[in-house]
Amino acid sequence: MSRPPDEANPARFPSPVAARTATPAPAWALADGSEPIGSLQEHYYDLCMEKSKKVNPFILHILQKVDDEIEKRLKGITLNIAGNSRLMPVEKVTGEDFWILSKILKTNPYINGLDVRYNLLNDVGAYYAAKLLQKQNTLIYLNLMFNDIGPEGGELIAKALHKNTTLKYLRMTGNKIENKGGMFFAAMLQINSSLEKLDLGDCDLGMQSVIAFATVLTQNQTVKVINLNRPILYGEQEEATVHLGHMLKENHYLVQLHMCKHDIKNCGLKQLCDALYRNRSLRYLDVSCNKITHDGMKCLADVLKSNTTLEVIDLSFNRIENAGANYLSETLASHNRSLKALSVVSNNIEGEGLVVLSQSMKTNPVLSNIYIWGNKFDEATCVAYSDLIQMGRLNPNNTDVEPFEVDGRVYLAEVSNGLKKHYYWTPTYKEACSHSSNAGFALVPVGEKL
């Protein structure tokens with residue numbers, strides 16, 4: 001049997017085999033009192049030798065940490081093998097690496113989460129991920145984002161979920177499964193009764209698959225969070241938004257709806273607002289990066305006068321301007337007492353609109369988070385938000401600006417707080433699940449994983 005190239009370099013990673021003969025199997029290795037599980041690190045190393053595959057030192061290092069957690073009798077462990085880690089040398093996981101990994105995980109009762117984002121799994125890895133979903137009965141969280149998985153791989157994973165009854169959260173973000181793969185996931189939601197959170201953002205979904213999701217979700221009572229960000233849509237009729245609006249009228253279980261980059265205009269937002277008069281479950285609406293102007297804000301402000309369930313609204317990167325900010329401020333000041341967080345980042349709002357938003361917080365005791373960076377600050381704006389922070393009405397962790405003073409004049413600087421700052425990446429300098437950087441998910445939590 002040929003040795004893996006890196007096996008000859010013991011300094012790069014230690015062989016767990018040498019220590020195995022001297023140390024008896026620990027008590028934690030017995031999951032149910034019968035069959036020992038053994039060390040994941042040893043199992044992985046042995047399988048690589050048996051299959052003549054190169055040992056991935058990154059995987060070996062992570063498994064050593066997980067073995068330590070298992071030895072402490074910890075359960076509910078998430079195996080994090082993210083390929084974009086900057087804290088250690090990373091050798092990205094390939095489809096063949098994942099084949100070996102899936103073999104050691106399929107019977108392990110301690111691990112219920114697997115994060116392999118930003119690796120190189122492609123459709124080969126998707127095949128083994130599908131096999132894992134069919135055999136592993138403790139996995140509740142699977143993150144496959146940005147792994148170069150295509151339509152065929154998407155089909156395999158979707159079909160594997162037909163019989164899976166344990167997975168609750170799946171992230172496919174950034175895998176170009178396209179319209180074909182999206183259709184298989186929509187069909188899966190007609191059968192699967194356990195999945196609560198599904199992220200298909202940046203997957204190049206087409207009009208047909210978005211409409212299929214809207215149709216399926218009128219009947220599905222399990223899914224609480226759906227992310228359909230950045231589909232590939234053509235035409236000016238906003239058909240996808242019309243169908244999603246109809247879905248919101250019928251669905252009373254969905255908690256979060258993410259529709260970033262849907263090319264939504266005022267007419268489309270009106271369709272959503274009409275549905276929100278009847279919907280009593282949606283708490284988080286994300287319509288960022290669209291083409292909504294102040295006319296759309298008039299519809300949203302009207303619905304917020306009677307809607308008592310919406311808690312987080314993301315309007316970032318639209319163009320509501322001063323008039324739109326005025327509509328919202330009036331409603332927030334005198335009618336709405338349920339909205340907790342509002343993001344109007346980069347909306348071409350000038351000082352007048354930003355000041356009236358700050359004034360609405362003085363009379364509204366519920367609105368706790370507001371994000372305004374990227375608009376046109378004047379001195380009055382800087383003073384208004386500085387006053388909110390100094391008087392204790394606005395917690396510095398609940399906004400994306402921080403006041404500072406130069407030569408007696410107040411200015412605002414940007415800070416890294418927001419509704420979903422760590423959606424695509426995790427920081428190395430502070431906690432990845434920080435509430436201040438991911439306030440949207442903290443205010444409207446669904447399930448265990450972010």
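Predicted model: local features only at pLDDT ≥ 70, side-chain atom pairs only at ≥ 80, totals over all residues.
Local features need pLDDT of at least 70, side-chain atom pairs count only at pLDDT 80 or more, and totals for chains, interfaces and linings use all residues. Residues are numbered from 1 along each chain as its sequence is written, and side-chain values use heavy atoms, with hydrogens and water left out.

The largest nonpolar core holds 114 residues. A nonpolar core is a set of buried Ala, Val, Leu, Ile, Met, Phe, Trp, Tyr and Cys residues joined through side-chain atoms within 4.5 Å. Buried means under 20% relative accessible area, exposed over 50%, and partly exposed in between (1.4 Å probe, protein chains only). L170 and F185 touch the most other members of this core. Helix α8 (residues 207–217) gives the most to it, with eight residues. Helices (H or I, at least four residues) and strands (E, at least two) are DSSP runs, numbered from the N terminus. Contact means heavy atoms within 4.5 Å. A second, separate core has 11 residues, among them V255 and L419.

Helix α9 (residues 239–250) has 12 residues. At 1.5 Å a residue, α9 should span 16 Å. The expected span is 1.5 Å times one less than the number of residues. The end C-alpha atoms of α9 are 17 Å apart, which agrees. Buried in α9 are A240, T241, L244, G245, M247 and L248. They cover an arc of only 160° around the axis, so they lie on the same side of α9. The arc is that of the directions from the helix axis to the C-beta atoms. The cover over these buried residues includes α8, β7 (256–258) and α10 (266–276).

Side chains of opposite charge can pair when their charged atoms come close. The structure holds 19 salt bridges. In a salt bridge, a side-chain nitrogen of Lys or Arg lies within 4 Å of a carboxyl oxygen of Asp or Glu. One of them joins D199 and R171 (3.5 Å, N to O). D199 lies in strand β5 (residues 197–199) and R171 in strand β4 (residues 169–171), 28 residues apart. D199 counts as buried because its relative accessibility is 4%. R171 is also buried, at 6%. D263 and K265 meet in another salt bridge (3.4 Å, N to O). D263 is partly exposed, at 26%, and K265 is partly exposed, at 22%. Salt bridges also link K176, D204 and R230 in a network.
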